[in-house]
Amino acid sequence: MTDSRDNQATLTYDVVVLGTGPVGQNLADRARAAGLSVAAVERELVGGECSYWACVPSKALLRPIIAVADARRVDGARQAVTGPLDTSAVFARRDRYVTGWDDSGQAASLTSGGVDLFRGHGRIDGPRQVVVTTADGTRQTLVARHAVGIATGSRPLLPDIPGVDEARAWTNRHGTDSSTVPGRLVVIGGGGVGVEMATLWQGLGSRVTLLARRALLPRMEPFAGEMVARGLTEAGVDVRIGVQASALRRPEPKGPVTLTLDDGGELEADEVLFATGRAPLTDDIGLDTVGLTPGSWLDVDTTCRVDGVEGGWLYAVGDVNHHALLTHQGKYQARTAGDAIGARAAGRPVDDAAWGDHATTADQHAVPQVFFTDPEAGAVGLTEQEATRAGHRVRTVDLDFNAAQGANLYADGYQGHARMVVDADREVLLGVTFVGPGVSELLHSATVAVAGEVPLKRLRHAVACFPTVSEVWMFLVAAYRR
């Protein structure tokens with residue numbers, strides 16, 4: 001019997017996209033650019049996690065903290081910086097950038113490009129078919145002629161320890177949408193989210209304790225985590241490495257949280273924030289109807305087409321394929337996948353395009369990432385250890401930034417460090433890491449050099465303007481030649 005709520009005709013599109021964060025939007029845009037009709041399905045806000053609970057709000061909140069820290073490093077400016085941050089103004093700045101969690105602007109931008117937006121929960125229902133269920137239970141069936149793209153992202157992964165539910169622990173969402181500064185905050189996790197949240201809430205006036213199982217920023221060069229840990233400690237964060245919570249207690253709903261630590265101690269806080277990893281949002285999107293495992297990461301080829309699905313119509317971009325859980329990398333994958341879908345729909349080889357091969361050639365070896373701590377930490381490509389493990393014959397060049405006069409003019413007594421990992425046989429860069437104030441703006445030059453495999457003998461002719469922080473490039477290349 002047909003449910004009375006299934007009263008809408010089946011609609012057919014060339015492409016159906018699940019998820020309208022930046023990744024899903026890029027996939028939809030590239031498919032539209034190829035002349036394909038596109039439907040996009042969103043169960044929350046158009047713009048996704050990045051726009052409302054991750055990249056955008058966290059950077060909007062962090063920027064005032066870093067700006068004040070930078071001013072205090074410059075004689076003349078430091079004397080003008082008095083008193084604490086205006087937290088209400090900082091939160092208001094965040095609210096502007098997330099448009100008050102109103103997605104009407106992003107929704108209008110999406111639909112104005114010719115994409116049909118369906119609000120509700122989308123589930124795959126067999127090959128090339130998606131059923132969208134709205135809040136009132138109405139169901140709409142969408143059929144894709146050529147492709148379904150999964151861009152549903154990821155969710156916070158909480159540890160399985162006693163008391164997590166009772167403690168009503170924060171995740172990244174609470175860490176970026178809260179407008180109340182907790183007197184005492186414990187951040188658990190030493191990766192990018194953990195160190196940024198510790199920087200943020202310490203800067204807003206909370207007394208922060210950071211617990212990390214191992215060294216901070218473990219996927220970067222060791223010196224990066226060491227320098228960030230030192231910066232956090234100098235700012236007042238209690239950084240504890242090798243310590244974890246084994247249980248939580250919060251008997252009173254508005255009372256403090258007590259953490260039992262695995263070193264035998266206890267810690268009391270007003271809130272506890274977990275930054276302990278991510279899990280794919282693929283639990284309830286119908287993967288089982290096409291022979292895949294619900295809740296799993298999705299294996300893909302270099303065009304982001306999901307492995308093991310007959311007919312090659314299913315694509316997975318962004319966090320769900322687990323290549324690099326970074327918005328900019330997901331957008332890159334989405335553009336590549338969208339172009340590949342367009343090429344295949346037109347019967348063309350996927351490398352038959354003015355922009356070259358439609359394959360994600362830079363989502364493994366040339367992934368850039370920046371953490372907006374104080375100091376900032378940015379890296380692209382392989383660490384020395386990763387490069388050696390991959391079989392490269394490696395030469396590493398290390399340099400303190402104070403060799404560059406531009407860095408010393410940027411901040412009095414500038415403290416920073418750079419590392420360049422070189423393939424000694426081909427003399428091209430395999431990886432670059434920068435730590436120091438303002439280094440986020442240096443990273444794209446490093447990304448171009450790594451992704452483009454620019455030979456060092458040519459890189460020495462890329463002249464840095466005097467006096468800028470970018471002069472560090474000249475000293476790195478010169479150190480390699482010695």
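A residue is called buried when its relative accessible area is under 20%, exposed when it is over 50%, and partly exposed in between (1.4 Å probe, protein chains only). The model is predicted, so local features need pLDDT of at least 70 and side-chain atom pairs count only at pLDDT 80 or more, whereas totals for chains, interfaces and linings use all residues. Residues are numbered from 1 along each chain as its sequence is written, and side-chain values use heavy atoms, with hydrogens and water left out.

Residue E42 belongs to strand β2 (residues 38–42); helices (H or I, at least four residues) and strands (E, at least two) are DSSP runs numbered from the N terminus. E42 is buried but takes part in no salt bridge, a salt bridge being a side-chain nitrogen of Lys or Arg within 4 Å of a carboxyl oxygen of Asp or Glu. The nearest side chain of opposite charge is that of R43, at 5.8 Å; Lys and Arg count as positive and Asp and Glu as negative, while His and the chain ends are not counted. The E42 side chain instead makes a polar contact of 2.7 Å with the side chain of T20 and reaches the backbone nitrogen of E44, also at 2.7 Å. A polar contact is a pair of N or O atoms within 3.5 Å; within protein, one must be able to donate a hydrogen and the other to accept it, and residues adjacent in sequence count only if both atoms are side-chain atoms.

D423, in strand β20 (residues 417–423), is buried at 5% relative accessibility. Its side chain reaches the backbone nitrogen of D425 at 3.0 Å and that of R426 at 3.1 Å.

The structure holds 26 salt bridges. E221 and R419 form one of them, at 3.0 Å from N to O. Because E221 lies in the loop between β9 (207–212) and α9 and R419 in strand β20, this pair ties together parts that are 198 residues apart in sequence. E221 is buried at 3% relative accessibility, and R419 is buried at 15%. R155 and D283 pair at 3.8 Å, joining strand β7 (residues 154–156) to the loop between β15 (278–280) and β16 (314–316), 128 residues apart. Here R155 is partly exposed at 31%, as is D283 at 41%.

Two cis peptide bonds are described here. One joins D374 and P375, with omega about 10 degrees, and P375 sits in the loop between β17 (368–371) and β18 (376–381). Another joins F466 and P467, with omega about -5 degrees.

Helix α9 gives the largest share of the lining, 6 residues.
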